[in-house]
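Let's explore a protein model together, one question at a time.

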Amino acid sequence: MVESILPLSVRSLSYSVGAVEVIRDASFAIERGSRNIVLGANGAGKSVLLRLLHGLLLPSGGQIKWARADAKFKQAMVFQRPVMLRRTARENIEFALQVAGREKNISHAARAALESVGLTHLADRPARLCSGGEQQRIALARAWALVPEVLFLDEPTASLDPTATKAIEEIIAAINNTGTTIIMTTHDIGQAKRIAHRVLFLHRGRLMEDALAGHFFTEPQSPEAAAFIKGELLW
Ligand SMILES: Nc1ncnc2c1ncn2[C@@H]1O[C@H](COP(=O)(O)OP(=O)(O)O)[C@@H](O)[C@H]1O
Ligand SMILES: [Mg+2]
């Protein structure tokens, strides 16, 4: 059994743009198999935090420590707006597998991934002609096909209607049930309640709370979190 890249340990993480500290002194750990929601209002720093963890941005200070040195090869990320290549749905997934260095059974793996998200019937359709919700499901299939240990999701349903959102949330739960650790951002309290085991609440770049979901929603420890849960904190 190959050792896990988790836990992820983050210490005194900060990220500055000019004189502005977008992330300030955040410390937390991410455990294997968990569903972690980074919750906060627009501009709180959620996307920046995710990009730092995934290695797309370099910290201004502090440490991001994975349990294995090759951790970057065991992660995938899905963005709010899916980035589809000018190819069919199936080819989008096959291409990702090729780029990741997979050589065997690529076509089979791509088909299985599409089936897992209920899109077998769209395999040969140009991905860019699919609806927003379908494209996001293709993006999830593409990430899932890589069998990541950790999947980062940055507001994956923010552009979608409730029906498409529900489908995406079910797929995220299914991916987690296969053992993949989820680290996802949202500003949507209902969605956080549906998905989170654990909530990391960000407010203006500060990690105000790091709590199990049950505790966070019933007994928030900070006035900011309490206000946010009541829908009173917009920035
Ligand atoms: N490259 C950048 N240059 C300047 N400001 C940035 C940059 N990236 C993020 N910010 C600022 O950092 C803050 C947090 O941004 P972001 O992480 O996108 O928030 P969220 O995802 O929670 O809505 C915002 O005020 C944003 O304007
Ligand atoms: Mg964001």
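Q: Which residues does Glu94 touch, not counting residues up to four places away in sequence?
A: Before we start, note that this is a predicted model, where local features need pLDDT of at least 70, side-chain atom pairs count only at pLDDT 80 or more, and totals for chains, interfaces and linings use all residues. Residues are numbered from 1 along each chain as its sequence is written, chains are lettered from A and ligands numbered from 1 in the order in which they are written, and side-chain values use heavy atoms, with hydrogens and water left out. Glu94 lies in helix H2 (residues 89–99), where helices (H or I, at least four residues) and strands (E, at least two) are DSSP runs numbered from the N terminus. Taking contact as heavy atoms within 4.5 Å, the residues that Glu94 touches are Ile106, Ser107 and Ala110.

Q: Is Glu94 buried or exposed?
A: Buried means under 20% relative accessible area, exposed over 50%, and partly exposed in between (1.4 Å probe, protein chains only). Glu94 has a relative accessibility of 13%, so it counts as buried.

Q: How are the buried residues of H3 arranged around the helix?
A: In helix H3 (residues 106–116), the residues Ile106, Ala110, Ala113 and Leu114 are buried. An α-helix has 3.6 residues a turn, so residues three or four places apart point the same way. Seen down the axis of H3, the buried residues fall within an arc of 100° (taken from the directions from the helix axis to the C-beta atoms), so they line one face of the helix.

Q: Which exposed residues sit on the face of H3 turned away from its buried side?
A: The buried residues of H3 have a cover that includes H2 and helix H4 (132–145). On the face turned away from that buried side, H3 carries the exposed residues His108 and Glu115.

Q: What is the phi of Asn105?
A: Asn105 lies in the loop between H2 and H3, and at 56% relative accessibility it counts as exposed. Most residues other than glycine have a negative phi, and most peptide bonds are trans. Asn105 is not a glycine, yet its phi is positive, near 55°.

Q: Where is Glu155 found, and is it buried or exposed?
A: The phi of Glu155 is also a positive value, near 45°. Glu155 is in the loop between strand E6 (150–154) and helix H5 (162–177). With a relative accessible area of 10%, Glu155 is buried.

Q: Which residues are joined by a cis peptide bond?
A: Look at the segment before strand E1 (8–17), where Pro7 has its place. The cis peptide bond there has an omega of about 5° and joins Leu6 and Pro7.

Q: What separates the C-alpha atoms of Ala213 and Ile37?
A: Ala213 is in helix H7 (residues 213–218) and, at 10% relative accessibility, counts as buried. Ala213 and Ile37 are 176 residues apart along the chain, and their C-alpha atoms are separated by 8.9 Å.

Q: How many helices and strands does the protein chain have, and what is its radius of gyration?
A: The secondary structure comes to eight helices and nine strands. The radius of gyration (taken over C-alpha atoms) is compared with the globule rule, 2.2 Å times the number of residues to the power 0.38. For 235 residues that rule gives 18 Å, and the chain is close to it, so it is as compact as a globular protein of that length, with a radius of gyration of 18 Å.
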